[in-house]
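Please open the model in your viewer and keep the selection tool at hand. The stops below go from the whole chain to single residues.

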Amino acid sequence: MTVSGNRAFLLGLAGVALLRAQAGDPGGHPAAGIAEIGAIPAADPAEFGPPAALKSIDTVTGYRDWAAAYDTGTNPLIAVEEPVIASFVDGLPPGRALDAACGTGRIARRLADLGHEVIGVDSSPDMLAPARVKVPEGVFLLGELLALPLPDASVDLVTCCLALTHQPELIPVLREFVRVLKPGGHLVTSDVHVLSLYLGGVAGARDAGGEYGLMPASRWFASDYLAAAKAAGLSFLDHAEPRWGDSPDHGGPPARKWCPGSARAAYAATPAVSAWRFRRDRARFRSKFRPESRGVDMPRTILVTGAGTGIGRAIAAAFAAEGDEVHITGRREAVVKEAADAIGAVPHVCDHTDPAALDALGERLPGHLDVLVNNAGGLAGEDGEGLAGLAAAWRAMLDANLLTAVLTTELLGPRLREGGAVVHIGSIAADKGAGGYGAAKAALGSWNIGLARELGPRGITSNVVAPGYIGETEFFGGGMTQQRHDTLIGLTFMGRPGAPGDIAGTVRFLASEGARYLTGQVLNVNGGAWITR
């Protein structure tokens, strides 16, 4: 039961002011505060009335009473909050924006002025009516935050201002926001700061019968928002806690009459709003093989090296399409960033032959991985003159195609969760006697046997996928002639070159629940061009 009365509220304000003065906060006046406390009980009881039990009012009922005056200049919280929201959204490129719990359309109006295509959703028909007038070019829909009437990955920006405090849980709402956000999309939220809820910040209104009550107000701390954002698949970008300024109106007319000094001291520099900016860098998925999480929505984290183009990019895209959190690496910054934007992955620039670069990568990656795909490699080095030139060319080939996998796995192996998977991309060249490149890929298969034995007790598998001739990659550069192309296709049973997606499908299988007993193997994916048993 909630008990309310002006006398109790005023005594509470005076008590807060005294506590702040006792703690040494600037602006506190203990003597004046004590005098104000003494005056309040002496006042005519008829002026305050007896403490009364307040009913709880749902938000639809509450905002029906409040809609006409919600943002007409009499709401001091909005004056503090709007500049912060403006700083969060004004620099974002125009796109498709959802204003969730849009109310009377004050944020939707700003988004439309910034060039966004605006959709507003609210559960209160009385709030939507003025929103449609305020933003005639917008689309406004009746709906709930837990079941937004939008398809998956359909908006670039979600705003939700001064509404999440009404929710009993944060994680389900943030997950619904993530569902409708495109990868890389932004979420901007604000709420009454938990400290200001105790200074009259719990919203109240009258029901149809004129009886006053309070709407739901959960007490969310910063740690609650961060934990919920992490669970929902959001990355933190920014946070602000704008404070109340000095005003003679703090506490309303009763405080102005009976304890103005205490009210100003209680509000002074107290955070009024908690505002957040997040980005969707990860998607959601239903776990495919982790025993402790079967059937539970939670993030699976995957690293694919050398994923700016070709096979690596196809592998990363396949995992991202299934809702995994995918990190990709590449040596060319522009290429790896373009790939990440296209598939919804997190880009990292890294040369996997460089131990220092790998150490730096390790500091940027999450603390746990579920799947590691060692794809970085390719043709490297050119034959020079004499033995020194030959040695340099072979070392470059071994570094690019063997050492990259060894160093990366050594660095990240301890981070692999129980039940995870490691997949290395080998080559048909390992069985074809193709010089330094073939030797490096053959060594990869041999090394993998020992690695599989080492990781097995943790339930982690390790396998090599050996592609044959794959079209649509940069592997051959400009060196693929039509005659050689036709010859390689003629060696297959399928009559076509392989596609990056063929390799991606095999890698996905090796990282699935169906491959938990398959380890230490080389899987040839070559259309029949090389037969093994």
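What percentage of the residues in the protein is buried? Of the 533 residues, 49% are buried, where buried means under 20% relative accessible area, exposed over 50%, and partly exposed in between, with a 1.4 Å probe and protein chains only. The model is predicted, so local features need pLDDT of at least 70 and side-chain atom pairs count only at pLDDT 80 or more, while totals for chains, interfaces and linings use all residues. Residues are numbered from 1 along each chain as its sequence is written, and side-chain values use heavy atoms, with hydrogens and water left out.

**Whole chain**

Colour by secondary structure. The protein has 19 helices and 18 strands; these are DSSP runs numbered from the N terminus, with helices being H or I of at least four residues and strands E of at least two. Contact means heavy atoms within 4.5 Å. Among contacts with a separation of 6 or more, 72% are between residues 24 or more positions apart.

**Nonpolar cores**

Select L13, L77, I85, F88, L111 and F140. In the largest nonpolar core, which has 45 residues, these six touch the most other members. Helix α5 (residues 76–89) supplies the largest share of this core, seven residues. A nonpolar core is a set of buried Ala, Val, Leu, Ile, Met, Phe, Trp, Tyr and Cys residues joined through side-chain atoms within 4.5 Å.

Stay on F140. Beyond its neighbours within four places in sequence, F140 is in contact with C102, A108, G120, L128, A131, R132 and V135.

Next, select V304, I315, F319 and V371. These belong to a second, separate core of 30 residues.

**Salt bridges**

Side chains of opposite charge can pair when their charged atoms come close. A salt bridge here is a side-chain nitrogen of Lys or Arg within 4 Å of a carboxyl oxygen of Asp or Glu. The count by this rule is 15 salt bridges.

Select R96 and E117. Their side chains form a salt bridge at 3.3 Å, N to O. R96 lies in strand β3 (residues 96–100) and E117 in strand β4 (residues 117–122), 21 residues apart, so the pair links distant parts of the chain. R96 is partly exposed at 27% relative accessible area, and E117 is partly exposed at 48%.

Move to R109 and E137, whose side chains meet in a salt bridge at 2.6 Å, N to O. R109 is in helix α6 (residues 106–113), and E137 is in the loop between α7 (125–134) and β5 (139–142), 28 residues apart. E137 is partly exposed, with a relative accessible area of 48%.

Then select R496 and D502. The closest N and O atoms of this salt bridge are 3.1 Å apart. R496 is partly exposed at 39% relative accessibility, and D502 is partly exposed at 30%. Elsewhere, salt bridges that share partners join E81, E82 and R106 into one network.

**A pair of helices**

Which residues of α15 meet α16? P355, L358, D359 and G362 in α15 meet L407, T408 and L411 in α16. By class, this contact has four nonpolar, two polar and one charged residues; Ala, Val, Leu, Ile, Met, Phe, Trp, Tyr, Cys and Pro count as nonpolar, Asp, Glu, Lys and Arg as charged, and the others, Gly among them, as polar.

**Last stop**

Select P500, found in helix α19 (residues 500–510). P500 is buried, with a relative accessible area of 7%. P500 and I470 are 30 residues apart in sequence and 6.6 Å apart in space, C-alpha to C-alpha.
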